[in-house]
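Work through the two exercises below with the structure open beside you, and try each task before reading its solution.

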Amino acid sequence: MRGTLEVKENLQIFRLTGLLDAFSEPTFRKVVSDHIEAGPAHVVLDLSTIDFIDSSGLGALVQVTKLSQNKQGSVQIVTNPRVTQTVKLVRLEKFLHLHNSLAEAIAATTEG
């Protein structure tokens, strides 16, 4: 997995590509968690170019979302059909805020 980070006033945008699986999950969780702890707590995870996500990746998304919520933040996820299907398969679509575009995810953050 590779990614970039853009920090705006009250928002961090992670653009990720590759695989979010058992191999990459520990690094993903640590990096995103460290950035949430340092602030700001509102996060957009752009997973639109993620090729594969497994249960470890889903678990990491839940963990970073809970951490963000505990810091009065939110996590918005830009998704693709593969990621959406995996999230819906385990019925996490109500907990994880999925969006079809980066602009939509950023708008959802500023509305909240």
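Helices, of at least four residues, and strands, of at least two, are runs assigned by DSSP and numbered from the N terminus. The model is a predicted one.

**Exercise 1.** Determine how many helices and strands the protein chain has, and in what order the elements run.

*Solution.* Begin by counting the elements, which gives four helices and five strands for the protein chain. Then follow the chain from the N terminus, where the elements run β-β-α-β-α-β-α-β-α. Finally, consider the overall form: a compact globule with 112 residues would have a radius of gyration near 13 Å, and the 12 Å of the protein chain agrees with this.

**Exercise 2.** Find which residues of helix 3 are buried, and explain why they line one face of the helix.

*Solution.* Take buried to mean under 20% relative accessible area, and exposed over 50%. By this cut-off V83, T84, T86 and V87 are buried in helix 3, which covers residues 81-89. Looking down the axis of helix 3, we find that its buried residues fall within an arc of 165°, and they therefore line one face.

The face turned away from the buried side carries the exposed residues P81, Q85 and L89.

Last, inspect the ends. N80 caps the N-terminal end of helix 3, with a side-chain oxygen 3.0 Å from the backbone nitrogen of R82, while R91, whose phi is positive, near 60°, follows the helix.

Terms used:
Residues are numbered from 1 along each chain as its sequence is written. This is a predicted model: local features need pLDDT of at least 70, side-chain atom pairs count only at pLDDT 80 or more; totals for chains, interfaces and linings use all residues. Side-chain values use heavy atoms; hydrogens and water are left out. Buried means under 20% relative accessible area, exposed over 50%, partly exposed in between (1.4 Å probe, protein chains only). The arc is that of the directions from the helix axis to the C-beta atoms. A polar contact is a pair of N or O atoms within 3.5 Å; within protein, one must be able to donate a hydrogen and the other to accept it, and residues adjacent in sequence count only if both atoms are side-chain atoms. The radius of gyration is taken over C-alpha atoms; the globule rule is 2.2 Å times the number of residues to the power 0.38.
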